[in-house]
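Here is a short briefing to read alongside the model. Take a moment with the sequence and the fold, and then work through the topics below.

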Amino acid sequence: MKLRIVFLVVVLFCLAISTLGAQRIYLSGKDASDAVPWEFKMSTGRNSGFWTTIPVPSNWEQHGFGYYTYGMDHDAFLTDPEIGYYKRTFVLKDTGKNRYRLTFQGAMTDTHVKINGISAGAVHQGGFTQFSYDITNLVKKGENRIEVEVHKSSNSENVQEAERVTDFWLFGGIFRPVYIDILPNEFIERVAINATMDGTFEMDVYTDGMDHERMLTATIFDSEGKPIGEKMEIKVASGNSVSRLSSKFRNIKLWSHELPKLYRVEVKLSADNQVIHSYSQKFGFRTFEVRDHDGFYLNGKRILLKGASLHSFRPKTGRTLSKANIEENFRIMKDLNFNVVRPCHYPPDEYLFELCDSLGLLAMDELTGWHHPLGKEVGSKLVKELISRDVNHPSIILWGNGNHFAHNPALDEDFFRWDIQRRRPLKNTARVETWPGDYDPDFDPVDTRFYPSYEQLVERLSDKHIVLPNEAIHALYDGGGGAGLSDYWKAFKESRVGGGLIIWALFDEGIYRTDLNRIDVQESKAADGLVGPNGEKEGSYFAVKEIWSPVQIKMKELPTGFDGTIEVENDFSFVNLNQCRFEWQLENFAGPYEIQSGARVVDEGVTESVSIPASTNGKLRIKLPADWKKCEALKLKVYDHTDRELSSWAWTIATSQKLAGKLVMPKTVEIKRTGEFQFLIGNNSVSFDPQTGVLREIEVNGSLLPVTNVPFLVAQSSGADFQSNLKKGKVTVLKTEAGYVIESSNNNGFDWFKWEIHSTGSLKLSYEYTLPEGKYFYAGVGMEVPEKDVLSKRWLGKGPYRIWKNRTQGGILNVWDITKTKNIPGQVWNLPEFEGCFSPFYWAVFRLTNHQNVALATPGEELVLGVLNPQNGEDPKLATWYYPEKEGIYLFNCISPVGGKWKEAREYGPSSQATEINETCKGSFQVQLFSSLSDSEIVRKVKEIE
């Protein structure tokens, strides 16, 4: 049955933009959230060969058409290309004497346009830049028809190689809005502004249709709408298309990423004192400098750039975003304490730059290209389109002349030609590419070489070129971009040529496949983010937030005689800390047997404002109550001048012994020795191996606990494989006033270990072991617990995300309660992760099957809790770690660092090295046995403990 297509005839209501005598009508939706249907037919692939409808803007793959392609278009793209045919009708009430400009903000990749059956102009080749057609002579009053033929692959070999041979998802379709501007015959096409920190203002005004001499005037308004300075004006001769207006203004407020002060210029084109057309543009007064052999400067202040690369992407809509999506991206970046974003590898939606301008974030803007550069002819056109749209954004500080091997030095002159501010174009250099190669501009190029090892980075930072690796640390899987970052960032801060560091990348680029009904990240190719495809925060997210906080506190624990004074480092560039707010809380933690998690606030307050200028250190004073030492913890949060939380800190007041002691039940039970190595502890029983002293069986209320073989020794050397000494030693049992002691010496690799059975119903294990001297990825003791029998964990410590040796930052000291879910990096984003390493911790309760529990506490020991076995993602490259294979719960003396996609862990700096062990390792922990408690029992136990 042939599908009958009903023509979509829509009378388009005019949306006023900031011009006089000009209107804008949208033929599409304004973003992904309000896309409107067009008639559509696909040439090949899924759902091809018939007319139907598709929402515009969108990528057609996400609506069931064509093929999914990653990195390269499908094999038959030359002989069987994916072509999308679009059409729709629209109504113009009156064409009059107006001009009509049709604009596509983005269509992939070759776009053929017809209006009422007549070509609107040359085929546009290039999928990511905005382009327009003058359709004045093609439209008519009443009903009009637009037909668009979009080729996913380009017929230009150069564009195809530059834009469609890449390492990211390749889509097709009209993926950004389409609109018509209705303009007077003579109009202002656009402006290009250079406004600097000393108040100098220059503006090129591009006009069209100038048949007679006209007058251009310009007035600048502040954020409150008040005019500043004198009006600027200039006569424009007939036929002139570019005119420059300039002036100098006093007492202006500078734009920066921290204090984004914006102004607005209103430009009017007049004839005989009658305004023909007006044009309004926001801008900021600011000066960004690249000082060769030195660094980056904003308004005379040196800055280090810190951020990540950002694709325009969402799992269900591909590269078509809504304003809400872009706002979410922006909020994430600000929360991470970025000061810059690198949209890659093409210009993003302009709304991103509008947010950067108004809310404060520096930005780069990049010409498309990956393995192959754009040639001079087509590249020059696309550079002009890129800069014409984005030139006035004060947030943009650097251009990107392609990516990886796609740099074309011949296009530098086009960047400078069209940019009135003459911002530098960067050569983004691949990790395996020679730098600077044959690139020899008349300025010193910025060293952007990707993915340096720590050793390479330190070497480059001691050279004479500004260093800005635009892809520095790869965030594949659990390394996540935070592993090794503290060492890298310290090196940048100490260097005289440090420019900044850009993490690859912000999001896992996982597309929801409509053909597979699941998210696809192409194994390890696209799971590159600090957050998952839908913004799921991964462990490194919080490490980055802490490391890059503009407010730093180095105090690790409260010193003896603490009087509330805290040393603070202000890493802002322009903000005094008296513009920030510091809130403190005194807290008592929830207990191990409670229903609620977290902590109870005992007292709280706000510190007095103290002046600590940007880039200086100072002291903060908390006025604590007289009885503050009775509390368990002091917490501090800092909020910036926009009321955004920057960072938080927590320090224990109570001793670790007191905190860990909350695990022990306030009761006394009878202990009976029922066999040589068997003991009854109240209603519970334990059995030890007579040959080794290892805890072999535990029964709680007559039910066997799935916990055995406690302890066993685990260690992984970076040299020869470690083998436990399995010789049998001596085991003895002693009766004491408190209970019983089982001592084992020279068994299973231990020097000795000792079990103490207490009348409180708890067991304490103390131990020492001596390993061959060397470097170790991990070393510790374990207990066998099947993964299937563990349901959840509750613990007091830093969390809720796991750590690695080279990524310990970002945890929050609290009581956490997490139900076990499966998490596989790049495949299943159930975060925070259940398995892995957690430190510091004071106590932990594991809920097991059959209403059973096992609980651990570490009084005064710096041990790392290891939970079951963390699973890595597919094909992790070098983003790997070392961890015991046996299922169980571990207490480590040292843990493994984690690597990145292109670098082994050891290449990430001092904190990423295996641990040197040359002395005896030791530790102790308590085991508390109890079955699941009823709500009434929990309340009673809590009251007893308190």
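Asn 299 sits in the loop between strand E26 (295-298) and strand E27 (301-303). Please keep in mind that this is a predicted model.

- Although Asn 299 is not a glycine, its phi is positive, at about 50 degrees. Asn 299 is also buried, with a relative accessible area of 10%, which is under the 20% cut-off for that word.
- Leu 868 is another residue other than glycine with a positive phi, in this case near 50 degrees. You will find Leu 868 in the loop between strand E59 (864-867) and strand E60 (888-894), and it is buried, with a relative accessible area of 1%.
- The peptide bond from Met 108 to Thr 109 is cis, and its omega is near 0 degrees. Thr 109 belongs to the loop between strand E9 (107-108) and strand E10 (110-115).
- Trp 435 and Pro 436 are also joined by a cis peptide bond, with omega about -5 degrees. Pro 436 lies in the loop between E32 and helix H6 (454-461).
- Why look at these places at all? Most residues other than glycine have a negative phi, and most peptide bonds are trans.

**Strand E7 and its partners**

- Is strand E7 (residues 83-92) largely enclosed or largely open? Nine of its 10 residues are buried, so E7 is largely enclosed by the rest of the structure.
- Strand E4 (residues 36-42) runs antiparallel to E7, and four bridges join the two. In this pairing, Met 42 has Gly 84 of E7 as its bridge partner.
- E7 also pairs with strand E14 (residues 142-151), again in the antiparallel sense, over 10 bridges.

**A three-stranded open sheet**

- E36, E37 and E40 form an open sheet in the order E36-E37-E40, with antiparallel pairing. Strand E36 (551-552) and strand E40 (617-621) are at the edges with a single partner strand each, so one side of each has no neighbour in the sheet.
- Five bridges link strand E37 (residues 565-570) to E40 in the antiparallel sense. Glu 567 has Lys 619 in E40 as its bridge partner.

- In helix H1 (residues 157-164), the buried residues are Val 159, Gln 160, Ala 162, Glu 163 and Arg 164. Their cover includes strand E6 (69-72), strand E12 (124-125), strand E15 (165-170) and H4, along with E9.
- Helix H3 (residues 350-360) has Tyr 351, Leu 352, Phe 353, Leu 355, Cys 356, Asp 357 and Gly 360 buried. These residues pack against several strands, including E28 (305-310), E29 (340-343), E30 (362-366) and E31 (396-400). Helix H2 (323-335) and helix H4 (376-390) are also among the elements they pack against.

**Two buried residues up close**

- Arg 424 is located in the loop between helix H5 (412-418) and strand E32 (425-426). Arg 424 is buried, with a relative accessible area of 14%.
- Which backbone oxygen does the side chain of Arg 424 reach? That of Asp 444, at 3.5 Å.
- Beyond its neighbours within four places in sequence, Arg 424 is in contact with Val 290, Asp 292, Leu 398, Trp 399, Phe 416, Phe 443 and Asp 444.
- Ile 698 is part of strand E46 (residues 695-700) and is buried, with a relative accessible area of 2%.
- Setting aside neighbours within four places in sequence, the contacts of Ile 698 are Ser 685, Val 686, Ser 703, Leu 704, Leu 705, Val 707 and Leu 929.
- Ile 698 and Ala 76 are 622 residues apart along the chain, and their C-alpha atoms are separated by 65 Å.

**Cavities**

- How many cavities of 30 Å³ or more are there? The count comes to eight.
- The largest cavity holds about 90 Å³ of space. It is lined by 13 residues, and Asp 478, Glu 538, Asn 823, Pro 825 and Leu 831 are the closest to its centre.
- Sorted by class, the lining of the largest cavity has six nonpolar, two polar and five charged residues.

Key. Residues numbered from 1 in each chain as written. Predicted model: local features only at pLDDT ≥ 70, side-chain atom pairs only at ≥ 80, totals over all residues. Heavy atoms only, no water. Buried < 20%, exposed > 50% of the residue type's maximum accessible area, 1.4 Å probe, protein only. Polar contact = N/O pair within 3.5 Å; in protein donor to acceptor, adjacent residues only side chain to side chain. Contact = heavy atoms within 4.5 Å. 1 Å grid on protein atoms, 1.4 Å probe; cavity = no way out; pocket = protein on both sides within 12 Å on 5 of 7 lines; lining within 4 Å. Points joined across faces, edges and corners; volume = space filled by probe spheres on them. Nonpolar A, V, L, I, M, F, W, Y, C, P; charged D, E, K, R; others polar. Pairing = 2+ DSSP bridges.
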